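Work through the exercises below with the structure open beside you. Try each task before you read its solution.

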Amino acid sequence: DTVIIKGYLGDGYVRAGGEEYFEHLNTLEAVPGNLEGYIGAIRGTYIRRTAMDAGLEIAEMAMKSGSPDDVVSKFNHYSDSLSGKLSPNSDIMKIGSLTLDQRLKFDMRRENPGFRGIKTGILDYDMAIGGVEMTHLIYVAARPGMGKTSLLLTILSNMAEQGTPTALFSYEMSPEQIFNRLLAMHSGVSYTKITTGTVIDREADKIMQAFEYLNELPLYLAYS
């Protein structure tokens, strides 16, 4: 169905051959044994035409004395986009091919019930998803000042407490800011008091304990 194909490919519909090409495919005899071949032909045409368009656009940027960073960024964008489309079998599979593997995993879960992933320490969330697993990609989104950073630091700390090495990639906050946020979280002393030094002896003792705790935590920072 050309309508479905057009919806799936989006802007890539024209680059893959357009209306005339897909109408021609419609006239051919389609049998299950040739399905992968058809998909491979469409994908191949799309990739070649996208690569040609990318080359022309990047060349034009370079000719117009575009910023080197912009040229490299555009190249990386197209490279990443195309690399995910090179495998002819990356987007299609028969659902039944998963049956045996998933049946074995289900039997194992019945024999050993419980969380399969790493606990976030937030009970309701862990109960809903069964913990964070290797295949999970989770987005946390909210308006500024709603507590996204605090939530992520809490989750990362809780995971690290379980002995799981964790990493935070920060492109806004400095390592010192992140460390002091963690220090406030684990000492119970406010961030402002820590950064201004206006603490009483009892609070200072809690901060010293938090220093020792964070020193042993397998939590890493990557920043730029």
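Predicted model: local features only at pLDDT ≥ 70, side-chain atom pairs only at ≥ 80, totals over all residues.

**Exercise 1.** Find where valine 140 lies, and decide whether valine 140 is buried, partly exposed or exposed.

*Solution.* 
Step 1. Valine 140 sits in the loop between α7 (123–129) and α8 (148–161).
Step 2. Buried means under 20% relative accessible area and exposed means over 50%.
Step 3. Valine 140 has 35% relative accessibility, so valine 140 counts as partly exposed.
Step 4. Together with Ile138, Leu151 and Leu152, Val140 makes a nonpolar surface patch of about 270 Å².

**Exercise 2.** Describe α8: its span, its buried residues and what covers them.

*Solution.* 
Step 1. With 14 residues, α8 reaches 20 Å from its first C-alpha to its last, close to the 20 Å expected at 1.5 Å a residue.
Step 2. Its buried residues are Leu153, Ile155, Leu156, Ser157, Asn158, Met159 and Ala160.
Step 3. The cover over these buried residues includes β1 (166–170), α9 (175–187) and β2 (219–223).
Step 4. Just after α8, glycine 163 has a positive phi of about 90 degrees.

**Exercise 3.** Which residues touch the most other members of the largest nonpolar core, and which elements give two or more residues to this core?

*Solution.* 
Step 1. The largest nonpolar core has 16 residues, of which Ile178, Leu182, Leu183, Ile194 and Leu219 touch the most other members.
Step 2. Two or more residues of this core come from each of α8, α9 and α11 (201–216).
Step 3. The most come from α9, which gives four.
Step 4. Leaving out residues up to four places away in sequence, isoleucine 194 touches Asn180, Leu183, Ala184, Ser187, Val189 and Ile207.

Note on methods
Residues numbered from 1 in each chain as written. Heavy atoms only, no water. Patch = residues over 30% accessible without salt bridge, like charges linked within 9 Å, V, L, I, M, F, W, Y side chains within 5 Å. Areas by Shrake-Rupley, 256 points an atom, 1.4 Å probe, with all protein chains shown as cover. Salt bridge = Lys/Arg side-chain N within 4 Å of Asp/Glu carboxyl O. Buried < 20%, exposed > 50% of the residue type's maximum accessible area, 1.4 Å probe, protein only. Expected span 1.5 Å × (residues − 1). Contact = heavy atoms within 4.5 Å. Core = buried A, V, L, I, M, F, W, Y, C linked by side-chain atoms within 4.5 Å.
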